[in-house]
Amino acid sequence: MLPPDGEDAEVLNREHVTTRKDPMTDLVIRPIIAGEEHLFDSLPDPALVGRAAFGESYLDMAAAGQYRPEWTWVALRDDTVVARAAWWGGPGDTAPLALDWFDFTDADAAVELLRTAPLRAEYSISLPPGWRDDPAVRAQGEARIDAATKAGMSVLVERYRYRWTADCGLPARPGRLEFHPEPDDAVILDVLRRIGEGSLDAHTRHTIATSGPAAAAQEELDLLRWLPGPRDWWRLARTASGTLVGIIVPARNHSDPIVAFVGVVPEQRGHGYAYDLLVEGTHLLVEGGATEIVAATDQTNHPMAAVFARAGYPVERERVDLV
C-alpha cells in the first residue's frame, strides 16, 4: 500500500464520464462499467510482472471491492483490449491510493490511457527478486516503466518487499529497550517529525522536499491511521533511563499482518536500535496470532535492508514506485 503523492486521486462521477475516441487510430479509452470486469481480464498477458506474477487475481480483488469500475480503465481497438490500468484502494476508500495493475499489447495505447484517465496516484509495479537478471521479465518490467515515464511519471524509488513466516524463526528480543503504547496522536506526530530528519526513505524525503517536514509527518500519521490494524498495537521505545529511541508500528493492511513503520530519532541512530524495534514488532504480531508478516523498505536504505536480513525476513518481491 502507498501514501498519496501530494495530490488527491480524482474520483469519477459516473454521470460525467465521457468516452475518448481517437479518430486517427480508432482507439477508444474509457472506464469499464459494472459487469465488464471480464473485459479488463481479457487482455493476454504472460504474468511475468505485476500482481499477476504473484498469483493475485484482478477478478478476485475487484469482487472484494479493492478495484472498482470507475477506477478501472481500458484502451480498445476494434473492441479488443490493447491496454488496461486499474487503480487500487481499500474497501472503504473514496479515492484510489495507487495504480498497481497496468498491462498492454500496444505501448502507444498504454501511454495514451494513462494520459487520458483522470486518476492521479503513484504507480507501483511488483517484480520478482532479481528481475533484471531474466531477459523476458526485464523486458516486461522496463516496458511498463517506459510507458509510465512517457505518460509523465518518473521513478521515485525501488523497494524490497519481505514476507516473514514461522519457518524463518522468531528472533530473540535483545532486551535493550522498553516499549509502551502512546494513545496521543500529537505525541506520535512529533516523533514522526523528528524521525523524518535525515530520513533515508524516498517517500518521506520527497514529501519534505515538496511540502515540508510537518506535512511529511502528517502524511505518515494519516497512512498509519488508515490501516485497519489496531491503534493500540503501536509502541514507543525508550532506553532504561527513559530516553526516547523511536517507534514501531505493527499493523494490518487489508490482507496481511504488516510491519508498517520502523523509525529511530536522529540522536539515537548508530546503535542498531532499528533491529530491536523490528524484533519487537515481529513478536507483537506473532503474539497476536500472525504466522506471516509483510514488510518493505527502500533498496537505497541499506541500513534498514540489513536489519531485515538480520531478523530473518526474506525478500518476497521487488517494487518500483513512480510518481
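A salt bridge is defined here as a side-chain nitrogen of Lys or Arg within 4 Å of a carboxyl oxygen of Asp or Glu. In the predicted model, one salt bridge is counted between domain 1 and domain 2; the side chains of Arg-317 and Glu-56 meet in a salt bridge with an N to O distance of 3.4 Å. The model is predicted, with local features requiring pLDDT of at least 70 and side-chain atom pairs counted only at pLDDT 80 or more, while totals for chains, interfaces and linings use all residues. Residues are numbered from 1 along each chain as its sequence is written, and side-chain values use heavy atoms, with hydrogens and water left out.

The protein chain is divided into domain 1 (27-153) and domain 2 (167-318), bounds that come from an automatic or database domain assignment. Taken over C-alpha atoms, the centres of domain 1 and domain 2 are separated by 30 Å. Contact (heavy atoms within 4.5 Å) involves 15 residues of domain 1 and seven residues of domain 2.

The buried area, meaning the accessible area (1.4 Å probe) that two parts lose on being put together, summed over both, is about 870 Å² between domain 1 and domain 2, with 52% of it on carbon and sulfur atoms. Within domain 1, the most area is lost to domain 2 by Phe-54, Glu-122 and Pro-129, which together account for 34% of what that side buries.
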